[in-house]
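Work through these exercises with the model open. Try each task before you read its solution.

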Amino acid sequence: GRAAADRRVMTAEGGDRVCRHAFEYALSHPGDGEMPNVTSVDKSNVLRSYAFWRRRFDSIAAEYAGRVEARHVYVDAFTALLVLQPGTVHVAVAENMFGDIVSDLSGALVGSLGLAPSADVGSRHAVFQPAHGSAPTIAGNGVANPAATILSAATLPGWVGGAGLPRVSGQALRAALPAARGRPRAVGRGARPRPGAATPSV
């Protein structure tokens with residue numbers, strides 16, 4: 001064929017759910033004394049679907065006025081913001097495609113996708129796994145970085161109503177990483193094992 005097109009479907013229910021979760025997460029994970037903030041990442045200046053997303057975000061933001069600061073950033077500007085001023089981003093929320101892109105960038109910013117936990121949370125069920133997935137291409141090579149897996153598992157108790165494990169696990173990893181035998185493996189798409197790479201002693 002000589003042309004192709006895709007349909008992007010967004011619903012008020014889905015948009016409201018993920019945006020409300022972002023605001024609740026910001027409230028339950030406050031920063032260093034400043035008002036929590038949530039950044040909506042979209043491309044509403046180009047696509048009507050993202051203009052719809054922005055309206056849904058604004059409707060939820062109004063419920064948290066005075067408690068959580070809300071702002072909009074276009075996705076291209078947001079990638080630059082993450083690189084140049086990552087400390088200004090508290091919580092970011094986006095639809096699936098943009099969220100997938102900027103989450104990998106966020107993982108790279110902290111050193112490796114092998115350090116980035118993730119959670120796929122629905123209304124009734126959730127999956128907790130490293131941001132890089134299962135990384136089958138490096139299985140058995142002794143170079144996998146377990147940090148993201150540990151941190152992903154540690155978020156599970158918080159989702160089911162527990163507390164404490166994410167903080168304890170984070171403290172343990174911060175203590176163990178400086179003593180790691182060699183540099184932690186930078187897991188990513190297309191990555192290849194490096195001779196002499198080592199797994200942190202965590």
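**Exercise 1: a surface residue**

Task: Classify Val 110 as buried or exposed.

Solution: Val 110 has a relative accessible area of 54%, so Val 110 is exposed. The cut-offs are under 20% for buried, over 50% for exposed and partly exposed in between (1.4 Å probe, protein chains only). Val 110 sits in the loop between helix H4 (96-109) and strand S4 (117-121). Helices (H or I, at least four residues) and strands (E, at least two) are DSSP runs, numbered from the N terminus.

The model is predicted: local features need pLDDT of at least 70, side-chain atom pairs count only at pLDDT 80 or more, and totals for chains, interfaces and linings use all residues. Numbering starts from 1 along each chain as its sequence is written, and side-chain values use heavy atoms, without hydrogens and water.

**Exercise 2: the aromatic pairs**

Task: How many aromatic pairs does the structure hold? Describe two of them.

Solution: The structure holds three aromatic pairs. Ring centres must lie within 6.5 Å; planes under 30 degrees apart count as stacked, over 60 as edge-to-face and the rest as tilted.

Step 1. Phe 23 and Phe 57 have ring centres 5.4 Å apart and planes at 35 degrees, so this pair is tilted. The pair links distant parts of the chain: Phe 23 is in helix H1 (residues 12-28) and Phe 57 in helix H2 (residues 48-61), 34 residues apart. Phe 23 is buried, at a relative accessible area of 0%. Phe 57 is buried, also with 0%.

Step 2. Tyr 50 and Phe 98 are stacked, with 4.7 Å centre to centre and 5 degrees between the planes.

Step 3. Phe 23, Phe 57 and Tyr 64 form one aromatic cluster.

Methods. Phe/Tyr/Trp six-rings, centres within 6.5 Å; stacked < 30°, edge-to-face > 60°.
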